Amino acid sequence: MTAVAGPATPFALVRSFQESGQWEPVLLWLIVLLPLLGFAINGVLALRAAGRSAAALRAGHADEPFPGGARPWTHTLPSWVGPGVMLVAFVLALVNFAGLWGADLHEPVVRRYWSWIATGTLRIDAALQLDHLSMVMLLVVTGVGFLIHVFSVGYMKDDPGYPRYFAYLNLFVFFMLVLVLGAGYAMMFVGWEGVGLCSYLLIGYWFRDREKSDAGKKAFIVNRIGDFGFLLAMFLLFRGFGTLDFVPIFAGAESELVYGGFGVTVITLLLFLGAVGKSAQVPLHVWLPDAMAGPTPVSALIHAATMVTAGVYLVARSSVLYALAPTSQAVVAGIGVVTALFAATVALKQYDIKKVLAYSTVSQLGFMFLGAGVGAFTASVFHLVTHAFFKALLFLGAGAVIHSMHQALHHSKDDRDPQDMRNMGGLKKRMPVTWAVMGIATLAIAGVWPFAGFFSKDEIIWYTAAWAGAESNPYRGLYTLYWGAALATALLTAFYMARLMIMTFHGASRAGEGGKRLREAPPVMTVPLLILAFLTVAGGWINVPDALQGSFMGLFGFLPGEWLHHWLEPVTAAAKEIQVSGFGEPAHIAPLGGGEFFWALVSTAAALAVVLAATAVLRRRAYVSADKDAGPRGRLALALYNKWYFDEFYDRCIVRPLLAGSRWCWKVIDTVIIDGIVNFAGNFTRLAGWITSFFQTGQVNTYAFVFTLGVLFVLGATVFRGLMP
Amino acid sequence: MTDLLNSFGYEAWILHALVWGPVAGMLHVLAAPKDRAKHIAFRWSAVLFVVSLGLWWAFDPSGGFAFRSSVPWIRSWGAEYALGLDGISLFMVLLTTFMTPIAILGSFKYVQSRRRAFYALMLLLETGVVGVFLSMDLLLFYVFFELTLVPMYFIVGIWGGTRRIYAAVKFFIYTAVGSLLMLVAILYIYFSSGADSFAYDAFLAADLTLTEQLWLFAAFALAFGIKVPVFPFHTWLPDAHVEAPTPGSVILAAVLLKMGAYGFLRLLLPFFPHAVQHPTVVTVMMTLGVVGIIYAAWVAAVQPDAKKLVAYTSVAHMGFVVIGVFALTVNGLQGGLVVMISHGVSTGTLFLLLGMMYERRKTRLIQDFGGIARVAPFFATAFVITALASIGLPGTSGFVGEFLALLGAFETHATAAVIAALGVIFAAYYMLPMVQRILFNELSEPENRTFPDLSRREKVILTPLVALMIWIGVHPTPFLDRMGPSVDRVLERVEGARTGFASLTPELGVRLEGSIPESED
């Protein structure tokens, strides 16, 4: 450290770490604080701007956002502050990444700032922890976050709440960084609920719309169900370990907890309940599709790339605990694969472009949990990373489409839904860049070689197969089932994504008059798309499996094999060891025969075949615009279109009974029973009082006041007398 | 800071000043012209707050009760005017001196009739509450406890809403019944201890059988349970809140309810250490706490009147205090105390905000609002932050308290804590719909289009409150450190009795010899 006094460039800093072998995180606190600073600045601007438009509203002016025409400074400054703090944070993250790469570090670096909650037995510090796993998350959050901030500058340009939008977005990043960098479960929980808050605020960003503010509320409440599990898990961990910090818990887990025991199983299942809420897994997935009510870049950042993957991060972070609880692992993988399959079926029949992507996200998150559940923690984090690239790209691409559709329909006074794919079609000619990048993302998510999604998804599927073959795995049959379901889901994914591309970009335009006004997004939006497209192509190369390395599928070995796997080893090695000692070594042959290379080849060929076949078939279908379309017919199609009636079921079985029960408590228990008794007693006393009132003047007020004065007088006199010698 | 305070002889006069200062202010208000009343009352309470802040530095947490002084009061009974302060009462006193000027400032527009009397009563209320928190003599405690009833009765009964008389009488009767039982219990201990003294320490030293403890516990617990309020003795609270004028509601929620919980900590636990560990007692109290959390949350969720909704949330919050206290663990007790502070600040603020809404629109029905965030962004921001603090979002005061209370309860009563933790979900279930229906959605009512945003005075009121919610949420250590040793002493007292309890024969009524440690100084 001493070597880098004076004006050191980041590179000099990095070099000095690499030379000394010693490593200290650089300005870790500042990375977290920068977005908070952005929030503060944008928040002040937002209040100013909102105060001005409120004054205009009170004065009876129309809802015209900028009466003067030009955007005021409160609406231009956030364009620099919002993405600016993200860029600096990202650069700092890169500096730290380089330093960590050079350093030979096996233990997390923990930085304690102040004692947050300390009682006699409990001690929680406001502390951050940097290790290889949080480094990956840090890069994704700041990197993808920065791109989405830049995109937002174009997307939200004309919105009257522009500074408020950036304030919320910056605040979200702050909490997300606390989540991934927190040095214990309690700190993580701060970020965990904080991102939930920002998600709530951003889903309901256009709060004038009842449906949108409802969606925000639903997200918050459903998330709290998960948080309940997280809380209880923390209580159990505290009971077992006397601390909530990661380092001592994971170090002591193997000695404190019995392999497969009840304690660790309950802890991990409760943590998983938290993950199910945050990462929208069945049965708590219902909030995520509604969350699409928020601005589209928000969907990209929060509801695709970062926040919803927090559950996966939680499981990966707790890998040691999960490895000790094979039953919980089977549950995690099971919920994951059921969610993946279920959501993929729903995505087949949605017409809203964002709804398709929302269910696709739910489905991909299911894949990540499948990976974590079968012990392939690296693969699951790997998929988290590539998914952040290609799903952010898909959402932002969809955002560009919606932006263009909205303006086109708005100009031609067409009140049709700009998000309904039935109203689109033929956009390829009008928006070639968007079409191209979304095409790349589609191939990636479908799992076509050599795009990012192929490597990560294939690794999860392969590990499922491999652990299904481990000799002492108690859930061999179940794992085999998971493997089959995962393969089927991959094919469904290829199909619904091809459908999305065809309906949006191909065929004739169904946008009517407005169709002629459709045009490509401005560079401030397309440049982030292109960067993400590059990452979507190349992002998978960071972890090319050794089995493919020697062949053409290993890209002729120009990159190191299994880089991410080695990178994460300090974090995941302990879990792997426990799992091998419990399950035995993973097999090299899948349940139906064939090795990793064979199945990789099969799955990419199948995915490509489905994409091509779907394109060929759907291309010929004549879509009609939403107002002329009768909607899905047939029981199955309707069930898919209505998302398997989950919302209706919850409404009838939980929401309405809860409200009715609440009303009953109020009207019957409180009003009739308790107050009935009280009033009866009161009336009885009144009767007695009426009789005794003949002896008294009945002026309660006088009595009480005289009583008070008397007491004060006596007290005062006593004190006075006591103080006198 | 401490040296500076010592140079004023701060320790010698501060507690007396806090008790008698408001009375002096009251007399000043009564003597002043009525247009000046509010300003005079505000200045007195503000000065008292500033003076009381010195306690933050002057109080040494490690040394038990501080600043003790006593003057014989009724010699023949052995009653004394005795005051003292420890880490538990410290925060209750500061909460009172902090919230009183805020409540007074918040009533500047609300109260238009009989202003002199109103502000005099507000100051009298402060004397009563501070007296409760500082008394080291049980008779004095009782007098102050009763004294608070009178001003509150008039504040609700005179300046209240349409059903004010019903609410005021209900409030008075409910709480008076409880406190009468407490008086009986106090007298019982007084006579059975044989010390001819109402001093706190003499009561600690009283040698009581388990049966006696249980009966006395019941009497005290009823008095305090009504005040807290604990389900099912809570129905006076929503009525009182709905009818009370804004400052009355603020003080009621922020401070008066705390007297009950304070009684649990100060009297119930140390006086009846065997009774509070009796399995039946613990089960009953835990059950009532948990039922309060869940039940009140449900009832709150369906209230059409915003003020009544918030009143019910008070019951839910105080349920966390009850389970925290009766968990009898360090984390539980500290959590309970933090919930008390946090609830005082956040619920007090909610009532202020609802009062501001009422001043503007003359209605409290949630359905009459909607879209307020568009016309009053500052108001909406304060409202959202306060609501989040109320439902315990991490980073706000509510989380620290609820987390510790639940954690502490989980250590000894896992099932109760698990059910109580469901309250975290139901908190979102009652609070967010209200926030949405008031602040968000379309601005449909034309009257709301002219809803003024916060005035400067209102910003001055709300800023310190919001800052405090976030400060306690981010850095509660200064609070926890100051209350820690006092909480430990309460627990030591209870645990000291635990050894005696184990050797107790099954029949009730056996003398517990040598099980109660010497009274602490």
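**Two chains, one contact**

Mentor: Start with chain A, which has 27 helices and 2 strands. Keep in mind that the model is predicted.

Trainee: What radius of gyration does chain A have, against that of a compact globule with 725 residues?

Mentor: A compact globule of 725 residues would come out near 27 Å. The value for chain A agrees with that, because its radius of gyration is 30 Å.

Trainee: What does the C-alpha trace of chain A span along its principal axes, and what share of its residues is buried?

Mentor: The trace spans about 105 × 70 × 65 Å. To count as buried, a residue needs 20 or more other C-beta atoms within 10 Å of its own. In chain A the buried share of the 725 residues is 54%.

Trainee: Is Ala511(A) buried or exposed?

Mentor: Ala511(A) sits in the loop between helix H20 (476–505) and helix H21 (523–538) of chain A. The cut-off for buried is 20 or more other C-beta atoms within 10 Å. Ala511(A) has 25 of them, so Ala511(A) is buried.

Trainee: How are H11(A) and H15(A) oriented to each other?

Mentor: Helix H11 (residues 296–305) of chain A packs on helix H15 (residues 353–373) of chain A, with the axes 11 Å apart. Their angle is about 10 degrees. Angles under 35 degrees count as roughly parallel. Therefore H11(A) and H15(A) are roughly parallel.

Trainee: Which residues make that contact, and how do they divide by class?

Mentor: H11(A) brings Thr296(A), Ser299(A), His303(A) and Ala304(A). H15(A) brings Lys354(A), Ala358(A) and Thr361(A). The division is 2 nonpolar, 4 polar and 1 charged.

Trainee: Now chain B. How compact is it for 521 residues?

Mentor: Chain B has 21 helices and 2 strands. The globule rule gives 24 Å for 521 residues, and the radius of gyration of chain B is close to that, at 22 Å. So chain B is as compact as a globular protein of that length.

Trainee: How are H14(B) and H19(B) oriented to each other?

Mentor: The axes of helix H14 (residues 306–326) of chain B and H19(B) come within 11 Å. They cross at roughly 160 degrees. Over 145 degrees counts as roughly antiparallel. H14(B) and H19(B) are therefore roughly antiparallel.

Trainee: By class, what residues make up the contact of H14(B) with H19(B)?

Mentor: H14(B) passes H19(B) in a left-handed crossing. Residues on the H14(B) side include Leu309(B) and Phe320(B), and those on the H19(B) side include Tyr430(B) and Met434(B). The classes come to 10 nonpolar, 2 polar and no charged residues.

Trainee: Which helix gives the most to the side of chain B that touches chain A?

Mentor: The contact between the chains takes 55 residues from chain A and 62 residues from chain B. The chain B side divides into 43 nonpolar, 12 polar and 7 charged. With 11 residues, the helix that gives the most is H19 (residues 414–439) of chain B.

Note on methods:
Residues numbered from 1 in each chain as written. Chains lettered and ligands numbered in written order. Predicted model: local features only at pLDDT ≥ 70, side-chain atom pairs only at ≥ 80, totals over all residues. Contact = placed C-beta atoms within 7 Å. Helix = DSSP H or I, 4+ residues; strand = E, 2+ residues; numbered from the N terminus. Nonpolar A, V, L, I, M, F, W, Y, C, P; charged D, E, K, R; others polar. Axes fitted to C-alpha atoms, helices over the stretch in contact; angles between N-to-C directions. Parallel < 35°, antiparallel > 145°, perpendicular 65-115°, else oblique. Left-handed = near helix turned anticlockwise from the far one by under 90°. Rg over C-alpha atoms; globule rule 2.2 N^0.38 Å. Buried ≥ 20, exposed ≤ 12 C-beta atoms within 10 Å, placed from the backbone.
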